[in-house]
Amino acid sequence: MNEPLVRVKKANKTFEEGQVVALDEVSLEIEAGSFVAITGPSGSGKTTLLNIVGAMDVPDSGEVFIDGELVASGRELDSIRARKIGFVFQMHNLIPVLTARQNVEIPMLPRPLTSKERRARALQLLDEVKLKRRAESSVLGLSGGERQRVAIARALANSPPLLLADEPTGNLDSRTGDEVMGLLHEQRERVGATLILVTHNEELCRGADQHIRMQDGKISS
Ligand SMILES: Nc1ncnc2c1ncn2[C@@H]1O[C@H](COP(=O)(O)OP(=O)(O)OP(=O)(O)O)[C@@H](O)[C@H]1O
Ligand SMILES: [Mg+2]
């Protein structure tokens, strides 16, 4: 059998000096190219799980492998993220003082590209999300849906094999939400990326190859 793209083995994560158990012995495997939906009540550990799968954080104990690479503190989490992962956050997390183009360029900064190459790639991505004409606008002037599209362009900047999206449509009307989901799925189909989606919306889970339901820091099914 092929090595799964993501392998989590008995991950534990607590906060507040152990008072809050966010992840409780979570194990999972995710195949390359699949679409995985994660649902569960507020506080059940979905974002915490996504953060460790995305090398944003490490578990207190247990192991996480991305593409066969062990993700552990002290290792180059930044480098794993830059090479392997695109993250779309619930609140988009764009840098407000920068333009749309500059935000899209951020994940490319650690790579050996010239500023001209970075700029060209950012403009190409903004064109793909239909925002090229707003490339030089401050993100403060963009609507919620437009900001989320900039966030997707940023997540795709390095063509990552793993796309993580935490409630990417949470603050959008249903039509804009559908557009944003369409962009994520399109990318998955085009380059064979894996998409892990955290959502409260059961409808967005349709067609998922794997549906992970979280409850009290555990996978309930
Ligand atoms: N940095 C932190 N400091 C303290 N507690 C935290 C931190 N991050 C998460 N937690 C706690 O861990 C638990 C799981 O949080 P998490 O954000 O993973 O939930 P979630 O399933 O994403 O919830 P939601 O649907 O509301 O986004 C919660 O009880 C939360 O309060
Ligand atoms: Mg969350």
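By class, which residues make up the lining of the largest cavity? In this predicted model, that lining has three nonpolar, one polar and three charged residues. The residues concerned are Glu128, Val129, Leu156, Leu183, Glu186, Gln187 and Arg190. Helix H6, residues 174-191, gives the most to this lining, with four residues. The volume of the largest cavity is about 60 Å³. The count of cavities of 30 Å³ or more comes to one. Rolling a probe the size of a water molecule over the atoms shows where empty space is left.

The open space was examined next. The largest pocket has a volume of about 380 Å³. It is lined by 14 residues, of which Arg81, Ile85, Phe87, Ile106 and Pro107 are the closest to its centre. Three elements each supply at least two residues of this lining: helix H2 (77-84), strand S6 (85-88) and helix H5 (144-156). By class, the pocket lining has nine nonpolar, two polar and three charged residues.

Strand S6 also belongs to an open sheet of six strands. The strand order is S6-S7-S8-S3-S9-S10, and the pairing is mixed. S6 and strand S10 (218-219) are the edge strands, each pairing on one side only. H2 packs on the sheet and touches S6 and S7. The direction of H2 makes about 85° with that of S6. S6 runs parallel to strand S7 (residues 162-166), and four bridges join the two. Within this pair, Val88 stands opposite Ala165 of S7. H5 likewise lies across S6 and S7. The angle between H5 and S6 is about 170°.

Strand S3, residues 35-39, sits between S8 and S9 in the strand order. Four bridges join S3 to strand S8 (residues 194-198), and the two run parallel. On the other pairing, S3 and strand S9 (residues 210-215) are also joined in the parallel sense, over four bridges. Ala37 takes part in both pairings. Its bridge partner in S8 is Leu197. In S9, the bridge partner of Ala37 is His211.

How many of the five residues of S3 are buried? Five of the five are buried, and the strand is described as mostly covered. In a regular strand the side chains alternate between the two faces of the sheet. For S3, both faces are covered. Phe35, Ala37 and Thr39 are buried on one side. Val36 and Ile38 are buried on the other.

Leu126 and Ile38 are 88 residues apart in sequence. In space, their C-alpha atoms are 28 Å apart. Leu126 is found in helix H4, residues 115-128. Is Leu126 buried or exposed? Leu126 counts as buried because its relative accessibility is 0%, against a cut-off of under 20%. The contacts of Leu126, leaving aside neighbours within four places in sequence, are with Ala100, Arg101, Val104, Leu131, Lys132, Ala135, Val150 and Ala153. Among these contacts, Val150 and Ala153 fall in H5 (144-156). H4 also holds Glu128 within its range of residues 115-128, and Glu128 is one of the residues lining the largest cavity.

How values were computed:
Residues are numbered from 1 along each chain as its sequence is written. Chains are lettered from A and ligands numbered from 1 in the order in which they are written. This is a predicted model: local features need pLDDT of at least 70, side-chain atom pairs count only at pLDDT 80 or more; totals for chains, interfaces and linings use all residues. Side-chain values use heavy atoms; hydrogens and water are left out. On a 1 Å grid over the protein atoms alone, a cavity is a set of points where a 1.4 Å probe fits but cannot get out, and a pocket is an open set with protein on both sides within 12 Å along at least five of seven lines; lining residues have an atom within 4 Å of a point. Grid points are joined across faces, edges and corners, and a volume is the space filled by probe spheres set on the points. Ala, Val, Leu, Ile, Met, Phe, Trp, Tyr, Cys and Pro count as nonpolar, Asp, Glu, Lys and Arg as charged, and the others, Gly among them, as polar. Buried means under 20% relative accessible area, exposed over 50%, partly exposed in between (1.4 Å probe, protein chains only). Contact means heavy atoms within 4.5 Å. Two strands pair if DSSP finds at least two bridges between them. Axes are lines fitted to C-alpha atoms, for helices over the stretch in contact, and angles run from 0 to 180 degrees between N-to-C directions.
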